[in-house]
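Keep the structure in view as you read.

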Amino acid sequence: MGLEVVSSAIISFSVFLLLASTTQAQSNGVFDVTKYGAGKDITEALTNAWKSACASTKASKVLIPSGTYWLRRVTLAGPCKAAIKLQVDGILKAPVDPDKLSGGHWVNFRYIDQFTLSGRGTFDGQGKVAWGKSTCQKYKDCDSLPMNIRFDFITNALVRDITTLDSKNFHVNVLGCRNLTFQHFTVRAPGESVNTDGIHIGRSTGIYIIDSKIGTGDDCISVGDGTEELHITGVTCGPGHGISVGSLGKYPNEKPVSGIFVKNCTISDTTNGVRIKSWPNLYGGVASNMHFEDIVMNNVQNPVIIDQVYCPWNQCSLKAPSKVKISDVSFKSIRGTSATPVAVRIACSSGFPCQNVKLANIKLAYRGPGGPAKSQCSNVKPIISGIMSASGC
């Protein structure tokens, strides 16, 4: 009888310790990774804290406090039982070796509704080792190198005040998302970093990129097929390749692109400004209702461009024109300086000429050899109004 009482007491005390530990780890809906055994490497602690927070029936927050931490490949998935927030105030460092990040990503958020990612923190991809030519050849021209952050099938979400640094591939990839906003978001990588698009969006609806600063080695923002209702406002871009729709028409069965609004942005020292691009001699597609307005260009090559003979590194055939149909496009109040004589180039498909392209109040100056600034148009009859400083179209 005495042994039974002692055993019962031990079990009760063990349960008490477990409950006390859980309560300590979670306080007022805040799940602090340091309470889950986080050391220099926080992968397991973050995973466990996320699982606990995701299971909460009340709104919860996972906290990564100030400090520098190592983080291996991780997937933070829903669905969660209530709204959930990840507050990153520390610096997260990825493994330097790309082989330790198989699967095409470093941090992956997926299938989460009512999600917020915020804080003063940085996702440091430590990507310099991946930008060399030999590394890209090993990984099939960089395509399979890990991205810093993936957002897959996220709805009703906000990403605010976060920095992504030196990714080995795209910094951010957005796929299958709806109603996702990036605000005061920062992307930083040197201009020579390879294939490091800032934010790439595909097959998503209602994406907002607001008051953000993006400098990288590829497109600041790139738009893939199936993107609808994308609003880019107050973005500073440079260095990089500008803000691009496409490339489109490279793969079969691409979904239409529609409702792209780029407004009140500044683009500096980039290889392109605002661009729509599609591959020749491959597959069809549709891109329409795209509007670029109130854009400042500072020393930008190709400030305004539609390129339907897009063929980087001569990797395609020019035997047939692009099959992508482009229509209802406007470029309005584009001003500043061009780094090339051709400030406006509208090169549309001879098989499917562009329809309803408007150019209004284009004030672009070029002061180098071959100036002043000029425009070139093919397979399009643009509707021109207001000032057009780049004559030719």
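Arginine 110 forms a salt bridge with aspartate 152, and their closest N and O atoms are 3.2 Å apart. A salt bridge here means a side-chain nitrogen of Lys or Arg within 4 Å of a carboxyl oxygen of Asp or Glu. Arginine 110 sits in strand β8 (residues 105-110) and aspartate 152 in strand β11 (residues 147-152), so the pair links distant parts of the chain, 42 residues apart. Strands are DSSP runs of E with at least two residues, helices are runs of H or I with at least four, and both are numbered from the N terminus. Salt bridges with shared partners also join Arg110, Arg150 and Asp152 into one network.

This is a predicted model: local features need pLDDT of at least 70 and side-chain atom pairs count only at pLDDT 80 or more, while totals for chains, interfaces and linings use all residues. Residues are numbered from 1 along each chain as its sequence is written, and side-chain values use heavy atoms, leaving out hydrogens and water.

How open are the two partners to their surroundings? Aspartate 152 is buried, at 3% relative accessibility, whereas arginine 110 is partly exposed, at 24%. Buried means under 20% relative accessible area, exposed means over 50%, and partly exposed lies in between (1.4 Å probe, protein chains only).

Now find arginine 275, which forms a salt bridge with aspartate 219 at 3.0 Å between the closest N and O atoms. Arginine 275 belongs to strand β25 (residues 274-278), and aspartate 219 to the loop between β19 (213-215) and β20 (221-223), so the pair ties together parts that are 56 residues apart in sequence. Both arginine 275 and aspartate 219 are buried. In total, the model has 11 salt bridges by this rule.

Next comes the backbone. Most residues other than glycine have a negative phi, and most peptide bonds are trans. Where do we meet a cis peptide bond? One runs from glycine 78 to proline 79, with omega near 5°, and proline 79 is in the loop between β5 (74-77) and β6 (84-88). Another joins glycine 371 and proline 372, with omega about 0°.

Finally, asparagine 356 has a positive phi near 55°; this residue lies in strand β30 and is partly exposed, at 34%. Asparagine 379 has a positive phi too, near 60°, and its place is in the loop between β31 and β32 (383-388).
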